[in-house]
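Please work through each task before reading its solution.

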Amino acid sequence: MRLHYRLIFIFLIGYCSTHHLTAQTKTLAERLGYSKDAKLLIIHADDLGVSHSENMASIKGLEESPVNSASIMVPCPWFPEIATYAKKNKTMDLGLHLTLNSEWKHYKWAGVTSKDSIASLLNEDGYFYASVDSLINHANPSEVSLELRNQVKRAYAFDIDVTHLDTHMGAVIWTPELLEAYIKTGQEFQLPVLLDKDMKLLKHTSVAKLLTRQDVILDRILTAEPKDFDNGMELYYSQVIENLQPGVNCLLIHLAYDNAEMKAVTEGHKYWGSDWRQADFDFFTSKKAKELLNKHHIVLITWRQLRDEITRGEK
């Protein structure tokens with residue numbers, strides 16, 4: 001009888017260990033309930049709040065095209081407009097485009113925190129630095145953390161159901177200290193942050209120690225570069241969809257109308273300017289975009305799924 005119970009005990013230990021190992025080795029797609037071979041995609045519009053043009057084009061994209069996610073720049077002048085929309089449309093997948101730079105020539109903003117508390121993040125005119133390099137050279141990580149947290153708190157104060165966090169201009173992914181502040185902000189508010197397997201700093205000792213199974217690491221992040229714009233956005237996005245690999249992918253785009261407002265905002269910038277954003281809008285609101293997604297069996301998912309099923313759903 002003792003041998004019988006011992007054999008059962010050994011079997012249960014072996015089963016539990018194998019079951020635990022299987023759970024640990026599941027892909028992110030499998031953890032969401034999809035096949036590991038599924039081609040999953042978030043089509044994500046950045047920069048909501050930067051201008052009225054950006055807001056209107058992004059809203060139209062979210063409501064009438066395959067674009068199914070977006071993120072809001074809390075410090076920007078047109079934040080109240082998009083915050084009002086978010087409050088009235090809580091099913092929309094809206095996160096925060098955490099902002100530490102103000103890159104345009106004549107159109108500027110600072111943080112949501114008092115200037116004396118984030119002095120290292122501001123230039124001599126009291127605005128965020130235009131370049132990421134300048135930010136990195138001057139930023140105090142504790143002040144970065146304070147500003148990031150306050151941007152999330154301000155979004156909640158406007159009753160936005162924040163689904164995730166990402167980073168404007170990739171500002172917080174270039175040093176371990178800033179990346180830690182970014183990840184910790186997501187963990188504090190139980191929000192997934194935009195990260196992918198290609199980020200080398202995720203292997204840095206101090207960063208790696210922070211990561212848990214509740215942190216989402218995407219298989220890949222995709223976004224157009226200047227050479228893609230030069231060759232034509234329709235060609236680039238068509239190739240992205242046609243060649244999309246299995247796993248969880250996030251395609252970052254920028255939607256705005258090429259109008260007088262957006263031309264003024266982006267004056268002096270050949271890339272990521274008004275015409276670039278109109279080209280993004282034109283492709284994703286086209287019949288071709290929908291047809292390509294269907295033809296290549298692309299499954300659209302959202303950050304809300306990742307937040308609720310991974311970051312908040314798993315223990």
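**Exercise 1.** Determine where S120 is placed and whether S120 is buried or exposed in this predicted model.

*Solution.* Step one: locate S120 in the loop that joins strand 3 (94–98) to helix 5 (132–138). Step two: take the relative accessible area of S120, which is 16%. Step three: apply the cut-off, by which buried means under 20%. S120 is therefore buried.

**Exercise 2.** State which residues S120 touches, and identify the backbone nitrogen that lies 2.9 Å from a polar atom of its side chain.

*Solution.* Step one: set aside residues up to four places away in sequence; S120 then touches Y129, H138, A139, N140 and E143. Step two: look for the backbone nitrogen, which belongs to N140.

**Exercise 3.** Describe the largest pocket by its volume, its lining and the elements that supply the lining.

*Solution.* Step one: the space in the largest pocket is about 910 Å³. Step two: 30 residues line this pocket, and M169, G170, T223, E225 and L252 are the closest to its centre. Step three: at least two lining residues come from each of strand 1 (39–48), strand 5 (220–223), helix 10 (233–242) and strand 6 (247–254). Strand 5 gives the largest share, three residues. Step four: by class, the lining holds 15 nonpolar, seven polar and eight charged residues.

**Exercise 4.** Give the volume and lining of the second largest pocket.

*Solution.* Step one: its volume is about 250 Å³. Step two: of its twelve lining residues, R31, K197, D215, V216 and I217 are the closest to the centre. Step three: this lining comprises four nonpolar, three polar and five charged residues.

How values were computed:
Residues numbered from 1 in each chain as written. Predicted model: local features only at pLDDT ≥ 70, side-chain atom pairs only at ≥ 80, totals over all residues. Heavy atoms only, no water. 1 Å grid on protein atoms, 1.4 Å probe; cavity = no way out; pocket = protein on both sides within 12 Å on 5 of 7 lines; lining within 4 Å. Points joined across faces, edges and corners; volume = space filled by probe spheres on them. Helix = DSSP H or I, 4+ residues; strand = E, 2+ residues; numbered from the N terminus. Nonpolar A, V, L, I, M, F, W, Y, C, P; charged D, E, K, R; others polar. Buried < 20%, exposed > 50% of the residue type's maximum accessible area, 1.4 Å probe, protein only. Polar contact = N/O pair within 3.5 Å; in protein donor to acceptor, adjacent residues only side chain to side chain. Contact = heavy atoms within 4.5 Å.
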